[in-house]
Amino acid sequence: MIRLTINGVPHVVDPMGPESLLTTLRDRLGLFGSKNACEQGECGSCSVLLDGRLVCSCLVMAVDADGAAVTTVEGIADGETLHRVQEAMVNAGGVQCGFCTPGIVVAASHLLATTPSPTETDIREALAGNICRCTGYGAIVRALEPLAAES
Amino acid sequence: METLLPRHLDEALAATAAHPEATILAGGTDLMVAVAYQALRPAVVIGIRRVPELQEWDGRFIGAGVTYSRLERGPFAALAQAARTVGSPQIRSAGTIGGNLGTASPAGDSLPFLAALDAEVLLRSQAAERALRWDEFITGPKRTALQPGELIVGARLPEAIPDRQAFAKIGTRTAMVIAIVSCCVLRWDDGTTRVALGSVGPTTVRPRAAETMISTERRPSSAALDEFARLVSAEVSPINDHRSTAAYRRHASGVLARRLLERVL
């Protein structure tokens with residue numbers, strides 16, 4: 001049994017063997033926002049914050065997250081009010097099929113929290129580990145750039 | 001599966017003594033891929049990311065648990081650049097220098113810097129402590145001298161580290177690639193030059209003839225730089241694989257080493 005605080009809510013779960021935190025989030029806790037694609041840290045679609053660090057939840061052994069605070073994409077918005085990254089992605093057409101979007105939102109919100117005024121290069125480097133299978137990178141960067149300017 | 005999450009080095013060493021065959025988990029960036037793709041099912045896992053002694057970075061000692069994110073912000077330019085080329089921010093916030101050493105991939109990005117400096121790898125078990133030079137520790141591709149019950153504690157660098165240092169690697173894109181060739185060049189004020197290359201041999205390669213030749217050249221001419229590049233290319237032993245050909249790697253080794261040397265002259 002391990003204890004996790006996920007999006008501010010305490011949970012006790014019993015991961016099986018070396019299962020990933022991603023599996024625990026999706027299959028045991030029904031948090032389907034973090035996506036399962038490559039399972040090897042290449043695509044970023046499972047990105048979460050683990051004690052404030054941006055990580056791929058597919059590469060975190062769930063038992064090793066015992067005691068951690070996890071923020072998933074479900075915890076990025078403030079209730080019904082979207083995070084400004086989510087708002088920007090909607091308004092600028094940064095979402096196509098949507099599969100990479102949760103990982104992009106988590107990574108971009110982490111970027112803005114740690115680098116308030118990122119350049120386009122900063123944005124591209126920060127999102128280097130988030131693969132968009134629609135290849136919609138231009139729209140994603142255009143969505144995020146105004147946020148850098150306003151902060 | 002039994003899991004131990006020690007909070008101090010002595011607890012961690014007690015755990016490895018009690019379970020000498022346990023699987024050691026740090027950042028998980030290699031281990032969890034083996035879980036997903038090679039059906040690795042460890043009987044005992046010792047998670048070491050909570051051990052404060054392994055997080056220490058004190059001058060010339062870099063604890064095994066120091067992540068690439070921290071190395072990126074550190075004082076050694078070539079190591080920082082190497083760390084910056086690892087994976088993505090997600091990978092760099094998890095992966096550690098101790099994991100890079102333990103995995104001992106010929107493509108390990110921090111390894112050329114450690115090899116160029118002849119860094120030592122510090123190992124501890126409950127009974128003993130030992131320091132092995134990098135090439136005594138890494139014995140082959142993905143093979144090390146680590147014994148059951150031992151933990152990698154960190155890397156120890158020598159006192160003399162030149163400011164003139166550079167690292168670069170070749171891959172298909174800037175991020176998320178395993179190096180086709182990587183290279184670190186260090187140059188001291190007296191001309192002494194050390195070169196180390198990754199992904200062009202079973203372990204990191206030190207092209208000794210090229211180092212010796214260029215170290216005597218205080219202001220290398222274009223012809224001397226050509227000869228340096230030729231020697232580097234002659235001394236690597238690359239293979240063909242799905243990422244590149246041996247011929248390309250051999251050529252690129254000389255080009256990359258020369259380019260980095262020119263940057264630090």
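Tutor: A salt bridge here is a side-chain nitrogen of Lys or Arg within 4 Å of a carboxyl oxygen of Asp or Glu. The model is predicted, so local features need pLDDT of at least 70, side-chain atom pairs count only at pLDDT 80 or more, and totals for chains, interfaces and linings use all residues. Residues are numbered from 1 along each chain as its sequence is written, chains are lettered from A and ligands numbered from 1 in the order in which they are written, and side-chain values use heavy atoms, with hydrogens and water left out.

Student: Which residue of chain B meets A:Glu125 in a salt bridge?

Tutor: Helices (H or I, at least four residues) and strands (E, at least two) are DSSP runs, numbered from the N terminus. The pair crosses between chains, from helix α4 (residues 120-126) of chain A to helix α5 (residues 77-84) of chain B. With N to O at 2.7 Å, the partner of A:Glu125 is B:Arg84.

Student: How many salt bridges are there between chain B and chain A?

Tutor: Over all chains, the search finds 17 salt bridges. One that joins the two chains links A:Asp64 to B:Arg50, with the closest N and O atoms 2.8 Å apart. Between chain B and chain A the count is three.

Student: What area is buried between chain B and chain A?

Tutor: Contact (heavy atoms within 4.5 Å) takes in 32 residues from chain B and 31 residues from chain A. Buried area is the accessible area (1.4 Å probe) that two parts lose on being put together, summed over both. Carbon and sulfur atoms give 56% of a total of about 2,300 Å².

Student: Which residue of β12(B) is the bridge partner of B:Phe167?

Tutor: β11(B) and β12 (residues 181-187) of chain B run antiparallel and are joined by seven bridges. In β12(B), the partner of B:Phe167 is B:Cys184.

How values were computed. Two strands pair if DSSP finds at least two bridges between them.
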